[in-house]
Structure formats: structure tokens, C-alpha cells
Amino acid sequence: MKVGFIGLGNMGQAMAGNLLKAGHELTVYNRTRSAADQLEQAGAKVADSASSAAHNAEVLITMLANDAAVEATILSEEGYSTLETLKQGAIHVSMSTISVALSQKLAKAHQAAGQAYLAAPVFGRPDAAAAAKLWIVAGGESELIERCRPLFDAMGQGVLTVGEEPWTANLVKLTGNFMIVSMLEALSEAFALMQKSGVEPQQFLEIVNTALFKSPLYEKYGSIIVEERYEPASFKLNLGLKDVRLVLEAAEKAAVPMPLASLIRDQFLSGVARGHGEIDWAGLGRVSAENAGISPLT
């Protein structure tokens, strides 16, 4: 399949590499050209613009950091050529974590241009992307999802379909991230209490993950917080703040109070205000420790 891939960050580069390994014809674009060098050596074509990456694509995949990046690439005055260059009948698969509102806007724009649109955000960190073990949450017409399934199979371990409306996949992704950050906040507060009371947080994590939850997420993120392995960031704290803001935006539109999400937004904001925006989003552990007067290990 002829695929255009835009966005070669921590996740996108590995995802694009797995498409190459599966034998797909890949054209990539990234604002920082050096990010494409390894893929070019593996056989990918490197475009000099987003519109060039879309030119001959049957499927155009975007894996970008936020709403602003996706909108600038696809819908801005500068990026309208990307929308126009993508041929009629081609599919834009947005795999970025974006707002419900932007997903709805993209669906309308592609429909008006005679193109198709799927939302397919992913659950998984960069190591899962490299191992093709992502969970892909797909929203859109079932026939389009089936057409893209060979691509999804190359990048992930499973496809979880939500509904015929693409934005539903974005809502599931944002709400799933809300549940992850709720866990991060709970672990962070609990570890601060343990550490200040003389109980080893690692011991507490082992007890919790044996007797209460037995979750790989608790084990992985709990270990990151206990060991303070916040750099290099797999997913930055300031992006966590972005996601919590987006889930609150969706909740307000649906008239659903989410008081816990509001609290966690403030914790993220506190971390950003203290200069922690570039560390891993598990750095909520550092915020809770600082709130408790605990100095970092380093």
C-alpha cells in the first residue's frame, strides 16, 4: 500500500519503520529532516513538505504532537495544499491524540474534499511502538477500518473499534489517558506518604501490585516514579497537561462534571510552573514529592 506518514517523533518514527518492515511503500515527512534519515536508509522516500508526502498516498497517516500541529499540517492556509494534494478516495488516518472538536472538523473537511477520514489514536509508549505492540483505537466507517487493517496490524497488537463516528475514538483515547494520569496521581501521593513515613516506596509498590491491582501499568509507571526515571521523557508532562485539558473540554461540552480531572490538571500545571514540563508525565511523582517537602534523589 502507498502510505504517506507525517510526524516522526518518539512514536511516529518507530511506527513508520514497522510499516516499512511490512513491505508498504512509504513516503515520510518531518519538520526536522534528520529524523527521517534512518527511515530513508531503510527504503522510505523523504518528502520535502507535508503536501508532497500526501501526493500519491492511498493512506496518509499523521502522528503529531497536538491540535495545532495537525491543523497547521492539514487545514491551515499554508496546509490547504496537503488537503488538496491528497487524492479523492484516499484516507487520512489521524493517529495523534487530538481534541474531539478537531476530529469532527477534519471529518467534515475531508468529506467536502471527497476523501475519507479515520481517527486511530494509540495506547502504548515508544517501546511498544518499536515492538509493534500498540493498541489502536479506531473510529470511522467499518469498511475504511478494514482497508487500513494491514497497516494497523503492522504497527500494533490489536485494533479496538469504537463506532462509525471518528471522534469517538479520540474521546476514548483522551478518557483512557485521564485514567492513566489518575493512577499516576494516586501513586505519586501514596509514594510521598510512604517515603516521608519511613516505608520504602518500592516495597509498597510490590505489595500493591501483588495484593490489590496486579497491573503492568502500575508496575511500569510505579517503577519510574520510585526510581525517579523521568528523563528522557517517553511522553512529556506538558503533553499530559494538554490531554487533561482536552478531556475536560469534552466533558464540559457533554455536561459531565470531572472533578478529579480538574485536580489533576492543576497538578500538571504546578509541574509545568516549576519547570518540569519536559520530563515524563510520570513526573507527577516529583510534584507530589515537592509538595511534601521531599528532595529529589539527584
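1. Which residues does asparagine 170 touch, not counting residues up to four places away in sequence? The list is Ser96, Ile98, Ser103, Tyr117, Ala119 and Pro121, where contact means heavy atoms within 4.5 Å. Asparagine 170 sits in helix H9, residues 167-197. (Helices, H or I with at least four residues, and strands, E with at least two, are DSSP runs numbered from the N terminus.)

2. A quick word on what you're looking at: this is a predicted model, in which local features need pLDDT of at least 70 and side-chain atom pairs count only at pLDDT 80 or more, while totals for chains, interfaces and linings use all residues. Residues are numbered from 1 along each chain as its sequence is written, and side-chain values use heavy atoms, with hydrogens and water left out.

3. Back to asparagine 170: its relative accessible area is 1%, so it counts as buried. (Buried means under 20% relative accessible area, exposed over 50% and partly exposed in between, with a 1.4 Å probe and protein chains only.)

4. Ser103, one of the contacts of asparagine 170, is also among the buried residues of H6, together with Val100, Leu102, Leu106, Ala109 and His110. Helix H6 covers residues 100-112 and reaches 19 Å from its first C-alpha to its last, close to the 18 Å expected; that expected span is 1.5 Å times one less than the number of residues. Just after H6, glycine 114 takes a positive phi of about 80 degrees.

5. Now have a look at the nonpolar cores (sets of buried Ala, Val, Leu, Ile, Met, Phe, Trp, Tyr and Cys residues joined through side-chain atoms within 4.5 Å). The largest has 37 residues, and Phe5, Met15, Ile61, Val93, Met95 and Phe152 have the most contacts inside it. Helix H8, residues 142-155, gives the most to this core, with 7 residues. A second, separate core of 31 residues includes Leu184, Val244, Trp281 and Ala282. As a rule, nonpolar side chains in soluble globular proteins tend to be buried together.

6. Isoleucine 61 deserves a click of its own: its contacts include Val3, Phe5, Leu19, Val93, Met95 and Leu151.

7. With a relative accessible area of 16%, glutamine 267 is buried. Its contacts, not counting residues up to four places away in sequence, are Glu185, Leu284, Val287, Ser288 and Asn291. Between the C-alpha atoms of glutamine 267 and glutamine 115 there are 41 Å, and the two are 152 residues apart along the chain.
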